[in-house]
Amino acid sequence: MIKIEQIVYKITHSDNLSRTGVITLKNKKKIKTPINWMGLSIAESVEFQYNAFKMAGVTNFLSNVYDLKYQDKKGIRNQLIYKLVSEGLFHKVDSGGFQLMKQEITGKKNYELTPEIAYNVQKSLPCEIGVILDVPLGTNNNQRMNSKKIDKTIENFQKLLKLYDQENDTFSILPVVHGHNGKMLDYAINKVENILGEPPTALGIGSLVPMVKPIKGSGNTGGKSNFINILIHLRERLPKTFIHAFGIGGTMAYLAFLCGIDSIDSNGWILKASRGVIQLPGVSDRFLNKKSHGRPYLIENRKIRGTKKLIDEIHMFMNCKCPTCVKYCENGNWAEKDWTRKRDDFDQYTEDSRMKRVVHNLWLYQNELNLIKQAIKDRRIIDFIGKRLQNSIYKSLYLKIIKKIDSNQTDISVFL
Ligand SMILES: [Zn+2]
């Protein structure tokens, strides 16, 4: 047993499984939850990302050891990290275990990551949270192979605790567990509890991505339905713990928050915007114009599945209050020519146009998070997320969660 100063998590409001709260870090900084951490981009310059984050009001970002150690040869992300932290943004450093796994699958390069390497990168940077070097489960691995991976993650956690300087290290450690079912998760959580001598007050959950994305071997993980089961299991097993879900962004994030997840990452923001995608609340990816690939673009009469109701996506986009959009809708009014001008401005292959899309999308993520917090405070989270997912392919998953919440009679307000 190694006694460490864990992240302190205090729940401030709860509504069914969802909660708002505050985490207090080792460096005494406090962050309100739920949190969305924006991943740094490999493709964009320091200036571009800095300006985008500042304009959109981003408050939390993440980097990862694998990138900083092996891809960021010129120290570009390093520069950006210092700049953002000096402006008061909160920083989480992931271990790069996921990137390492991808590297093994593609067999492209062979870089090494050890708990020592991860620790040395994390301690060298100004950051609030350092994530342990975890080993994601394989989708085609048998139970024995995955058990070994779970044990390896625990072993890495123990190694990090031995390296960690309780006196001088200022970042908080985030342990991580993996599992494709409740039994595997409980096995890992019990080990973490034994190491800490108490329940973890903050914990990451990994290996969720193959459940929610159609990748090779996804079927073996139980898919999206199992994703819900796992999150609810975790929430009920550790009702007072701050839980971060790795790799869950976009529309899936609404479901994660409904299952009581306190923190997520958004890594896809830059790729989406550079491809020309803009986002709207509860609407999945949309292009500005009809494209040759035939993917959905903004229209004024999108039919809501299973009903005769229509959604006017153009109206939604024109009424956006983000710093980029607001000038196309002076005093809340806009005409057809404003829409045409805005569409053209947003749909160019220029840096300026890309910045417009990026700021709009990033601002929207922040704004949605604020609305989620408010809905939890007002105890109407089920209704809020139901409205967001009314036209989504995830609506059935939403209904499944509601059913589960009802049948379990879950009420975590007793822990306040
Ligand atoms: Zn906007």
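Tutor: Start with burial: a residue is buried if 20 or more other C-beta atoms lie within 10 Å of its own, exposed if 12 or fewer, and partly exposed in between, with C-beta atoms placed from the backbone. Residues are numbered from 1 along each chain as its sequence is written. The model is predicted, and local features need pLDDT of at least 70, side-chain atom pairs count only at pLDDT 80 or more, while totals for chains, interfaces and linings use all residues.

Now take Ile314. Ile314 is buried because 20 C-beta neighbours fall inside 10 Å. It sits in helix H12, residues 313–318. Helices (H or I, at least four residues) and strands (E, at least two) are DSSP runs, numbered from the N terminus. Set aside neighbours within four places in sequence, and Ile314 contacts Leu298, Glu300 and Trp339. Contact requires C-beta atoms, placed from the backbone, within 7 Å. Glu5 is 309 residues from Ile314 along the chain, and their C-alpha atoms are 50 Å apart.

Step back to the whole chain. The assignment gives domain 1 as 8–271 and domain 2 as 275–350. Those bounds come from an automatic or database domain assignment. Between the C-alpha centres of the two domains lie 32 Å.

Next, helix H1, residues 46–56. Its buried residues are Gln49, Ala52, Phe53 and Ala56. They lie on the same side of H1 because they cover an arc of only 95° around the axis. That arc is taken over the directions from the helix axis to the C-beta atoms. The cover over these buried residues includes strand E4 (35–39), strand E5 (60–64), helix H3 (76–86) and helix H14 (351–377). Just after H1 comes Gly57, with a positive phi of about 75°.

Two helix pairs follow. Axes are lines fitted to C-alpha atoms, for helices over the stretch in contact, and angles run from 0 to 180 degrees between N-to-C directions. The axes of H7 (residues 182–196) and H9 (residues 223–237) come within 10 Å and cross at roughly 40°. This makes H7 oblique to H9. Under 35 degrees counts as roughly parallel, over 145 as roughly antiparallel, 65 to 115 as roughly perpendicular, and the rest as oblique. H7 and H9 cross in a right-handed way. A crossing is right-handed if the near helix is turned clockwise from the far one by less than a right angle, left-handed if anticlockwise. Gly182, Leu185, Asp186 and Ile189 of H7 meet Ile230, His233, Leu234 and Arg237 of H9.

The other pair is H5 (residues 115–124) and H6 (residues 143–163), whose axes come within 9 Å and cross at roughly 50°. This makes H5 oblique to H6. Their crossing is right-handed. From H5, Pro115, Glu116 and Tyr119 meet Asn156, Lys159, Leu160 and Leu163 of H6.

Thr33 and Pro34 are joined by a cis peptide bond, with omega about 0°. Pro34 belongs to the loop between strand E3 (30–33) and E4. Asn16 is not a glycine, yet has a positive phi of about 55°. Its loop runs between strand E1 (8–15) and strand E2 (18–24). Asn16 counts as buried, with 21 C-beta neighbours inside 10 Å. Arg379, not a glycine either, has a positive phi of about 55°. Arg379 lies in the loop between H14 and helix H15 (381–388). With 14 other C-beta atoms within 10 Å, Arg379 is partly exposed.

Technical notes:
Two residues are in contact if their C-beta atoms, placed from the backbone, lie within 7 Å.
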